[in-house]
Amino acid sequence: MRELIEHREGINRLMARYGVKFGIYKNNEFHEQLFPFDPMPRVISAKEFEFLQKGLTQRVDALNAFLADVYGEKKIVKDKVIPEDFIFSSKGYLPQCEGIVPPKKIYSHISGIDLVQAKDGEWYILEDNLRIPSGASYPMIARELTRRASPRTFINNRIEDNRGYASMLKQMMDNVNTGGINVVLTPGRYNAAFFEHSYLAERSGAILAMPQDLFVENNYLYYRQYGGSPLKVGAVYRRISDEYLDPMCFLPESLIGVPGIMDVYRSGHVALINAPGNGVADDKGIYYFVPYMIKYYLGEDAILKNAPTYLAFYEKDRNFILEHLNRLVVKDVSEAGGYGVIFGSDLSAEKLEELKQIIINEPRRFIAQEVIDFIDLDIVDESNPGDHLVPRKADLRAFVLTGEKTMVWPSGLTRFSRNPDSFVVNSSQGGGFKDTWVLSR
Amino acid sequence: MKNLRFQYEMTLTLDREVRDHHVLLRCRPMENEIQHLTSYACEVSPKILLHLSQDGFGNLGYTGVIQKPHSLFAVQASGIVQKIEGRCTDFHPMYRFPSVRTMLDPGLRAFLHEVEERLGTPVRTFQDVCFLMQCLHEHFEYVPGATTTATTAGEAFAGGRGVCQDYAHIMIALCRLAGIPARYVAGMMIGEGATHAWCEVWLSDVWIGLDPTNNCLAKDSYIRLSQGRDFVDGAVDRGCFVGFASQTQQIYVKVEEIEDNPSEEISTV
């Protein structure tokens, strides 16, 4: 494995040439950044992967059942398993989606589940991403380039091929396709993940469409071709967030949406991947309830654990949070991407008091978690490349696809913090990534 | 039981030509436990194919696209609504919580507190809610042009002036704050003028219509077109187009009570 170290620079250089970048908006300016790749992979044994697969499949099946229930019968609320507050006042809950039954009743077709492994080997779920989880393209292209740079590595090690993601994606789209072509809908090249949109479209055989390429007529969705008649669209893997998707239904000022697409979707004439409104199932407040959902819908105990979480909404939990704030990590449920995360241990006594007051005033807004001392993975030291390795905090985003069945991609995006003192690994916060190897035996 | 004949006319004038103009029209009265639609006709110009669909709030809407360049869009709807004795019981928990236009602010909180002090109890019963409505009606002044469709309940309340939409938003925000679910209703009422807005509160498992603009119950002189958490959800018309044009909208509504109920066919052109 160490032989990969010498290829670090070469692979990063190639990725820069292929345009493997992500963009971030800072102070209203768009910046494109390279996503630094570290050649030392995270290695997961076949047995461990089997365990993760069981746990992740179970979790995603329960989340899909929950979404169908929220926009349908609402049994889980009537049975008082989850308080109404955490569903109907959630930003991610979209009443516009009430009563819509998506093709094959699948809501979360592509789920990005973030996990960490604690030092004792136990895996914990950090968060669920059921809207537009991004990142699968990075380990895909990194693997491809690494294979080219060091073919021997893949002969000497029995590693599950991760290039199957493209066909998993295609099968998943075909499964819900209502008749017509598959498209990947991108807002355009100034989107943070444009590289990924074009790469996944190309690999899965879908057409990469910009918003102006799609239009609605007689309650069906069409793709405008440069030559020839328009093509009917049966499934849209849309990389445009819910609120911008249809100016006739959500934000009227959206210029990147397709007017009328929600009506077509409601009529069952197109599949949207993932379903709009999924945000209700993946915010940090609802996270607390996922183990209860698993019990409620599947009658099983959760295989994968949540990080120990306290909900400021419940008085008992709130008192606990206020008492132990200095050792907990507090998260604002409405924020994402590593924003709104506060470690109590970083705060002065004065700031702690301030935070306590905010929590007391707006309990619904916060959760608090025990800080999990998760494992470090070795990365090549950037300041002193050569052979020198240094440990850094890393998490894993597993990609779970729901088609006819729910399946876990035998790879994943391993993100690490480049800052030795930080637990925050998000790419928007300057982190890097690794390939994830799942061994085939 | 009352029969109401209505007329709804909307004209959108654009100062430059636009194309690919998508429209959504919620000018067809809803049918529920308190109103029946016995006759209806709707015409639009330029003529386009309209598709009737229902949204997540239970609203019916006609959607369509005018592809060709145009600078005028007009809608004419008319019909007869039969108001009947009944109870609306279609509850949804989303009506418990603040929405975009009904977010809470310190001004609204203070006002509710003041009303509850005067009342001597928290706002709970039908009588309490009526008292709250009366206080709001006295406190807030009807002044067209003081607010826009983007004004929130808090902003309107702080300004002290507004129109029916603002009365409804403030009343909804106050009721939800008091723990009583409330929803926004857009429609028309007996008389001549524009569309109207009021609200409904959920008490003893039934929706009760309240018109805070007129400080009265919204009963059989009112025709419901749409409903939602606030103005945004149930907007009577909505659209988007390609082109740089500024638009002027004119609405004319007329509702009158008629004696008998001629049975006509429901048709859409």
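In this predicted model, A:A307 counts as buried because its relative accessibility is 2%, and the cut-off for burial is under 20%. Leaving aside residues up to four places away in sequence, A:A307 touches A:Y124, A:I125, A:Y287, A:Q369 and A:I372.

A loop residue of chain B can be described in like terms. B:P29 lies in the loop that links strand 1 (2–25) and strand 2 (35–45) of chain B. With a relative accessible area of 1%, B:P29 is buried. Its contacts, again without residues up to four places away in sequence, are B:F6, B:Q35, B:L37, B:Y40, B:V81, B:I223, B:R224 and B:L225.

For each of these two residues, a C-alpha separation is tabulated below.

| Residue pair | Separation in sequence | C-alpha to C-alpha distance |
|---|---|---|
| A:A307 and A:D283 | 24 residues | 15 Å |
| B:P29 and B:N59 | 30 residues | 9.1 Å |

**Chain B as a whole**

Five helices and 15 strands make up the secondary structure of chain B. Along the principal axes, the C-alpha atoms of this chain fill a box of roughly 60 × 45 × 30 Å. The radius of gyration of chain B is 19 Å, which agrees with the value near 18 Å that a compact globule of 269 residues would have. Of the 269 residues of chain B, 52% count as buried. Where contacts in chain B join residues at least 6 apart in sequence, 75% of them link residues at least 24 apart.

The accessible surface of chain B amounts to about 12,000 Å², and carbon and sulfur atoms account for 50% of it.

**Contact between the chains**

How many residues does the contact take from chain A and from chain B? The contact involves 22 residues from chain A and 22 residues from chain B. Between them, the two chains bury about 1,700 Å², with 58% of this area on carbon and sulfur atoms. On the chain A side, A:E84, A:P95 and A:M248 lose the most area to chain B, and together these residues make up 33% of what that side buries.

Notes. Residues are numbered from 1 along each chain as its sequence is written. Chains are lettered from A and ligands numbered from 1 in the order in which they are written. This is a predicted model: local features need pLDDT of at least 70, side-chain atom pairs count only at pLDDT 80 or more; totals for chains, interfaces and linings use all residues. Side-chain values use heavy atoms; hydrogens and water are left out. Helices (H or I, at least four residues) and strands (E, at least two) are DSSP runs, numbered from the N terminus. The radius of gyration is taken over C-alpha atoms; the globule rule is 2.2 Å times the number of residues to the power 0.38. Buried means under 20% relative accessible area, exposed over 50%, partly exposed in between (1.4 Å probe, protein chains only). Contact means heavy atoms within 4.5 Å. Accessible areas come from the Shrake-Rupley method with a 1.4 Å probe; for residues, only the protein chains shown count as cover. Buried area is the accessible area (1.4 Å probe) that two parts lose on being put together, summed over both.
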